[in-house]
Amino acid sequence: MEGPRCSHLGVFNPLGRAIFIMQSEVRRTDQEFMQLALAEAEQAAAAGETPIGAVLVIDNEVVASAHNMRETWQDPTAHAESIVLRDAAARLGRWRLPDATVFVTLEPCLMCAGAMVLARVGRLVYGCRDPRAGALGSVYDVVRDGRLNHTYRITPGVLEAECRSVLQGFFEKLREV
């Protein structure tokens, strides 16, 4: 990740003379974007959904954010990742997202990993592995398969403990009921 960039911002004083101010562009880190995905996961848990959150970022700006909505919508495809892909494509007016980074709290399933291949996503960052359904190395390895027309970079383990804790806490509460 590159450091802060500076740009000149031209402002004119009352006499019409330009005053140049150094403006620092703050670059968020993977951890900061994952915190936003974790906030989405917390919203999912509060709604009784499996607490998985996702954020789609282009040029250091959040384009879409979502959490699982399968129970609420009674839609088996309403995973956080597929919702952010759909929302971003609608907002941007394009389905190809090669400049996008998706941040998600849990390693994507086969459907979501495949959807990101189809969307031509540039990069995926995830929190914790999914030993039961993870499709980026845990159970399957869709992106590294080599037979598909697109691959994307993967950064695993960002805020891994925090992401795992949200999921474990949710399922522990379910077992108490």
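A: Here is a walk that begins with one histidine and then moves out to other spots in the chain. One thing to keep in mind from the start: this is a predicted model.

Let's get our bearings. The chain has five helices and seven strands, and reading along the sequence gives the pattern β-β-α-β-β-α-α-β-α-β-β-α. Of its 177 residues, 41% are buried.

Now for the close look. Find His 150, in the loop that runs between strand E6 (123-128) and strand E7 (153-155). Is His 150 buried or exposed? With a relative accessible area of 16%, His 150 is buried, because the cut-off for buried is under 20%. What does its side chain reach? The side chain of His 150 comes to 2.8 Å from the backbone oxygen of Val 121. Val 121 also turns up among the residues that His 150 touches, and the others are Met 116, Val 117 and Arg 120, once residues up to four places away in sequence are set aside.

From here, go to Thr 101, which is in strand E5 (residues 100-106). Thr 101 has 13% relative accessibility and counts as buried. Which residues is Thr 101 in contact with, leaving aside its neighbours within four places in sequence? They are Val 55, Leu 56, Val 57, Arg 123 and Val 125. Take Val 57 from that list: Val 57 and Thr 101 are 44 residues apart in sequence, but 5.2 Å apart in space, C-alpha to C-alpha. Pairs like this are part of a wider pattern. Among contacts between residues at least 6 apart in sequence, 54% join residues at least 24 apart.

What is its phi angle? Phi of Asn 60 is near 70°, a positive value in a residue other than glycine. Asn 60 is buried, at 11% relative accessible area. Compare that with Gln 74, in the loop between helix H2 (70-73) and helix H3 (80-92). Gln 74 also has a positive phi without being a glycine, with a value near 50°. Yet Gln 74 is exposed, because its relative accessible area of 63% is over the 50% mark.

Asn 68 lies in the loop between E4 and H2. It counts as buried at 4% relative accessibility. Its side chain reaches the backbone nitrogen of Ala 80 at 2.9 Å. Beyond its neighbours within four places in sequence, Asn 68 is in contact with Ala 44, Glu 49, Thr 50, Ile 52, Ala 78, His 79 and Ala 80.

Leaving aside neighbours within four places, Cys 112 is in contact with His 79, Glu 81 and Ser 82. Cys 112 and Ser 82 are 30 residues apart in sequence and 6.1 Å apart in space, C-alpha to C-alpha. How buried is Cys 112? It counts as buried at 1% relative accessibility.

The largest pocket has a volume of about 430 Å³. It is lined by 15 residues, and Asp 130, Pro 131, Arg 132, Leu 167 and Phe 171 lie nearest its centre. Where does the largest share of the lining come from? Helix H5 (residues 160-176) supplies that share, with six residues. Sorted by class, the lining has seven nonpolar, two polar and six charged residues.

Notes. Residues are numbered from 1 along each chain as its sequence is written. This is a predicted model: local features need pLDDT of at least 70, side-chain atom pairs count only at pLDDT 80 or more; totals for chains, interfaces and linings use all residues. Side-chain values use heavy atoms; hydrogens and water are left out. Helices (H or I, at least four residues) and strands (E, at least two) are DSSP runs, numbered from the N terminus. Buried means under 20% relative accessible area, exposed over 50%, partly exposed in between (1.4 Å probe, protein chains only). A polar contact is a pair of N or O atoms within 3.5 Å; within protein, one must be able to donate a hydrogen and the other to accept it, and residues adjacent in sequence count only if both atoms are side-chain atoms. Contact means heavy atoms within 4.5 Å. On a 1 Å grid over the protein atoms alone, a cavity is a set of points where a 1.4 Å probe fits but cannot get out, and a pocket is an open set with protein on both sides within 12 Å along at least five of seven lines; lining residues have an atom within 4 Å of a point. Grid points are joined across faces, edges and corners, and a volume is the space filled by probe spheres set on the points. Ala, Val, Leu, Ile, Met, Phe, Trp, Tyr, Cys and Pro count as nonpolar, Asp, Glu, Lys and Arg as charged, and the others, Gly among them, as polar.
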